[in-house]
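Work through these exercises with the structure open beside you. Try each task before reading its solution.

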There are 2 protein chains.
Amino acid sequence: MDTEPTSINLEAKLAKFSDRWHPKIISNFNGHDVMLVKVKGDFVWHSHPDTDDFFLVLQGTLRIDLRTPSGETTHVELNPGELYVVPKGIEHRPVAVDEVHLLLIEPIGTPNTGDPSTAVKKEVI
Amino acid sequence: MDTEPTSINLEAKLAKFSDRWHPKIISNFNGHDVMLVKVKGDFVWHSHPDTDDFFLVLQGTLRIDLRTPSGETTHVELNPGELYVVPKGIEHRPVAVDEVHLLLIEPIGTPNTGDPSTAVKKEVI
């Protein structure tokens, strides 16, 4: 433990970056990264075979398109103060018409695209 | 996955209960419970030997007293939009002068007091 424990202020951390789709690590717990990310536009369809995917919206409106195991497409819409967990193995695609700020939690090392060859490197801020 | 995925609105969930120190489970991910809790007053000093303890303040000001491995007492203060992770094994005591609303994440089954014999049952809402 830090001898001087400090709180992590989400707004202050969000003010430190403006690039989109590049999650920033702000803390860790139980083998997971706690991250902030700014997004706008459509992400790629992807899934994570071994991990659920935690989204909490801090600003803006996020649509998450989802493909059910039977192949149908549905979606969930998240406004500030709303969260959703995409179950492991479920194909999904985040879509943000305007910029959205998100808190994400994923196991350390999880590729954001579901594929290490296309994943961005997650920076610690 | 639900065929009708729905967002989880933190304010709407908080409006469903008023009891304090009784965490309510609002979601799960990767073997963890995502919980809301309302607290006021001093909790007991405790620690969790096998799990970090995630706190995100949604309303109010929470002080978390912490005992360092060398036995000194320190604390961290959290305001809305601020988070802190108490590392596993670190003794801590949440203190709320006025009512505080928190988002907590812990492995499923973690006793809130660190001791199953004194822990409260976590209700799903």
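**Exercise 1: The core**

Task: Find how many residues the largest nonpolar core has, and which have the most contacts inside it.

Solution: This is a predicted model. Its largest nonpolar core has 54 residues. Those with the most contacts inside this core are A:Phe55, B:Phe55, A:Leu102 and B:Leu102. Next, take B:Leu102 and list what it touches, leaving out residues up to four places away in sequence. The list holds B:Val37 and B:Val39, then B:Phe55, B:Leu56, B:Val57 and B:Leu58, and also B:Leu62. As background, nonpolar side chains tend to be buried together in soluble globular proteins.

**Exercise 2: The two copies**

Task: Work out by what turn and shift chain A can be laid on chain B.

Solution: Turn by 180°, with a shift of 0.0 Å along the axis. The RMSD is then 0.0 Å. The two copies are therefore related as by a two-fold rotation axis.

**Exercise 3: The contact**

Task: Describe the contact between chain A and chain B.

Solution: Start with the counts: chain A gives 30 residues and chain B gives 29 residues. On the side of chain A that touches chain B, the elements giving two or more residues include helix 1 (10-14), strand 2 (24-29) and strand 6 (73-78) of chain A. By class, this side of chain A has 15 nonpolar, eleven polar and four charged residues. Now compare the two sides: 97% of the interface residues of chain A are also interface residues in chain B, so the copies meet through the same surface.

**Exercise 4: Strands across chains**

Task: Say in which sense strand 7 of chain A and strand 1 of chain B pair.

Solution: The pairing is antiparallel, over two bridges. Within it, look for A:Leu83, which stands opposite B:Ile8 in strand 1 of chain B.

Technical notes:
Residues numbered from 1 in each chain as written. Chains lettered and ligands numbered in written order. Predicted model: local features only at pLDDT ≥ 70, side-chain atom pairs only at ≥ 80, totals over all residues. Core = buried A, V, L, I, M, F, W, Y, C linked by C-beta atoms within 7 Å. Buried ≥ 20, exposed ≤ 12 C-beta atoms within 10 Å, placed from the backbone. Contact = placed C-beta atoms within 7 Å. Least-squares fit on C-alpha atoms with pLDDT ≥ 70 in both. Helix = DSSP H or I, 4+ residues; strand = E, 2+ residues; numbered from the N terminus. Nonpolar A, V, L, I, M, F, W, Y, C, P; charged D, E, K, R; others polar. Pairing = 2+ DSSP bridges.
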